[in-house]
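Biologist: I've got a model open and want to talk through the packing and the sheets. Can you take me through it?

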Amino acid sequence: MLQTKLRPLPPTAYARCMAGIIRREGLRWVHQRGRFVSALVRPLVWLAIFAAGFRFVLGVSIIPPYETYIPYEVYIAPGLIAMIELFNGMQSSLSMVYDREMGSMKTLMVSPFPRWFLLLSKLLAGVAVAVVQSYIFLGIAWFWEIEPPVVGYVAVLPALILSGLMLGALGLVMSSFIRQLENFAGVMNFVIFPMFFASSALYPLWRVKESSLFLWWVCQLNPFTSATELIRFALYGRVDWGSAAVVIGCTAVFMAVAVAGYDPGRGLMARKAGAE
Amino acid sequence: MHEPAAALEIDGLTHRFGARKALDGVGFRIQPGEFTVLLGQNGAGKTTLFALITRLYHAHQGGIAVFGQPFRDAPSAALARMGVVFQQPTLDLDLTVQQNLQYHAALHGMAGCAATPRIRDELARVNLLERAGDRVRLLSGGQRRRVELARALLHEPSLLLLDEPTAGLDMESRGFLLNHVRRLCRERGLAVLWATHLIDEAGEDAHVVVLHKGRVLATGPVPAVVAQAGDAKTLKDAFEHLTHAAN
């Protein structure tokens, strides 16, 4: 007869579980070629077309962390890296909604590990994919003469992880609220585009302030601005502590909301089930 | 002397979705080695009951205990002892059979060296070892169900839950699944809860729980349930009699 033994969950089991979730996310990323290619092509299109077109329209004065005048391509590169992470966070959110509709979310949820840990693993899996994508982009961007110092390539890693965690956690929150896959178009219109455009990703905020003080405040309060600035400073070997604090704080808040959203008791999940 | 702990004990379970009562005071027990069929029409509350047992959401009222331990106190231990085949297909179609099973093993904290032989054994048992490297998308509906069963057994659970596992399958695949699970009960002492609306899936030796509109109308071995229904001769008669009387 099969033994009905209790299975303790030692730290090694947690590590295996997390590694398995990250491995699956990596496999899905590689297998879904459309997602793989579009994740790389999207920022390159911005760099090759948008930046080339606007380089003579938008003058960029000397602002930290830059120590001299810079071409517009160099200015928007950190914003495009943050965009990779934003799209990746939303893509993870989309895949969570898809998994829930297709049922594979249940496989994750009946794992014996605590739900917060499963969500954290899922989040880290998305961040791992986003970090790889960002480095591939940085490699290609080198040919556009976006050449941060060597130390910047190392220093940007923690910034990529932190901002990836924040945007991924935001994706988890979205996925716990979105009932159907069809509603995802709304996320594009009401989350991704406003976050991206109302930030320092495409233009320095002093220029925004000149045209609208209100919009400047919106951009200042937008956590995507903090993610962009954290990456921008890190690429040049510097730490923007204010942005780091905002990113860490927002990550904690978004994660807490996501865990509550997936909690079986208070559950948005439970409310959805009733509607199904 | 103490009675051995039931593999699954449900007691006074009530669950509402808003004003609608999906389950109303549901209670029954499953002993180790017992093949229990949860019989109910569509909408009877079977899937809601499964979702509560697997902690997809919390029960509002009543208790669930797995091998004597209240679920609420030790959900991790309970889930570690459970294997689940959901009504909805839950395999990742873009990954191979082997990758799907490795993912499940990781979700239960199994080491790779322990998972690999378990995957081989369980796939061999459902005659799909040679398809381990194929993407799930290439498998038929019946084969995917067999992979889901192999996956549910990978971490050697003591309690197996199957929600309408034969839905949409042909006769041969249905027979294979049913015989395989019954054999596991006999040979490995596995406790099984098999939800279905197909009455013929409960053989003469099964235990039955008749669920109707969220309430348990009868529970026990097939002959006892037939006897509870008065002049019924078969389980089908008994089911119709009980549900008709409850309408």
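Modeller: A definition to begin with: two strands pair if DSSP finds at least two bridges between them. Also, keep in mind that this is a predicted model.

Biologist: OK. How many bridges join strand 4 and strand 5 of chain B, and in which sense do they pair?
Modeller: Strand 4 (residues 61–66) of chain B and strand 5 of chain B are joined by two bridges. The pairing is antiparallel.

Biologist: Which residue is the bridge partner of B:Ala65 in strand 5 of chain B?
Modeller: B:Pro70 is the partner of B:Ala65. B:Val66 stands opposite B:Gln69, also in strand 5 of chain B.

Biologist: And the hairpin of those strands? Which residue takes a positive phi?
Modeller: B:Phe67, with a phi near 50°. The hairpin of strand 4 and strand 5 of chain B has two residues between the strands.

Biologist: Zoom out. What is the order of the four strands in that open sheet of chain B?
Modeller: The order is 2-1-4-5, with antiparallel pairing. Strand 2 (20–30) and strand 5 (69–70) of chain B are the edge strands, each pairing on one side only.

Biologist: Which helix packs on the sheet?
Modeller: Helix 1 (residues 46–53) of chain B. This helix touches strand 1 (8–17), strand 2 and strand 4 of chain B. Its direction makes about 115° with that of strand 1 of chain B.

Biologist: How many bridges pair strand 1 with strand 4 of chain B?
Modeller: Five, in the antiparallel sense. One pair to look at is B:Thr14 with its bridge partner B:Gln61 in strand 4 of chain B.

Biologist: Next sheet. What is the order of the six strands in the open sheet of chain B?
Modeller: It goes 6-7-8-3-9-10, and the pairing is mixed. The edge strands are strand 6 (82–85) and strand 10 (215–221) of chain B. Neighbouring strands of this sheet are turned by 15° against each other on average, direction ignored.

Biologist: Do strand 7 and strand 8 of chain B run parallel or antiparallel?
Modeller: Parallel. Five bridges join strand 7 (residues 159–163) to strand 8 (residues 191–196) of chain B. B:Asp163 has B:Ala195 in strand 8 of chain B as its bridge partner.

Biologist: Which strands of chain B does helix 6 of chain B lie across?
Modeller: Helix 6 (residues 171–188) of chain B lies across strand 3 (35–39), strand 7 and strand 8 of chain B. The helix runs at about 155° to strand 8 of chain B.

Biologist: Switching to chain A. At what angle do helix 6 and helix 10 of chain A pack?
Modeller: About 165°, with the axes 7 Å apart. That makes helix 6 of chain A roughly antiparallel to helix 10 of chain A. The crossing of these two helices of chain A is right-handed.

Biologist: How many residues of that contact between helix 6 and helix 10 of chain A are nonpolar, polar or charged?
Modeller: 14 are nonpolar, two polar and no residues are charged. Among them, A:Leu160 and A:Met166 come from helix 6 of chain A, and A:Phe224 and A:Ile231 from helix 10 of chain A.

Biologist: What about helix 3 and helix 10 of chain A? At what angle do they cross?
Modeller: Roughly 125°. The axes of helix 3 (residues 72–102) and helix 10 of chain A come within 9 Å. The two helices of chain A are therefore oblique to each other. Residues in the contact include A:Glu85 of helix 3 and A:Arg232 of helix 10 of chain A. By class, this contact of helix 3 with helix 10 of chain A has nine nonpolar, two polar and two charged residues.

Biologist: And helix 1 with helix 5 of chain A: at what angle do those cross?
Modeller: Roughly 45°, and the axes come within 9 Å. Helix 1 of chain A passes helix 5 of chain A in a right-handed crossing. Their contact has 14 nonpolar, four polar and three charged residues.

Biologist: Last topic. How many residues from chain B and chain A are in their contact?
Modeller: Chain B gives 41 residues and chain A gives 40. Together they bury about 3,700 Å², with 58% of it on carbon and sulfur atoms.

Biologist: Which three residues supply more than any other three of the area chain B buries against chain A?
Modeller: B:Leu56, B:Tyr103 and B:Leu107, which supply 17% of that area.

Technical notes:
Residues numbered from 1 in each chain as written. Chains lettered and ligands numbered in written order. Predicted model: local features only at pLDDT ≥ 70, side-chain atom pairs only at ≥ 80, totals over all residues. Heavy atoms only, no water. Axes fitted to C-alpha atoms, helices over the stretch in contact; angles between N-to-C directions. Parallel < 35°, antiparallel > 145°, perpendicular 65-115°, else oblique. Left-handed = near helix turned anticlockwise from the far one by under 90°. Contact = heavy atoms within 4.5 Å. Nonpolar A, V, L, I, M, F, W, Y, C, P; charged D, E, K, R; others polar. Buried area = accessible area lost by both parts, 1.4 Å probe.
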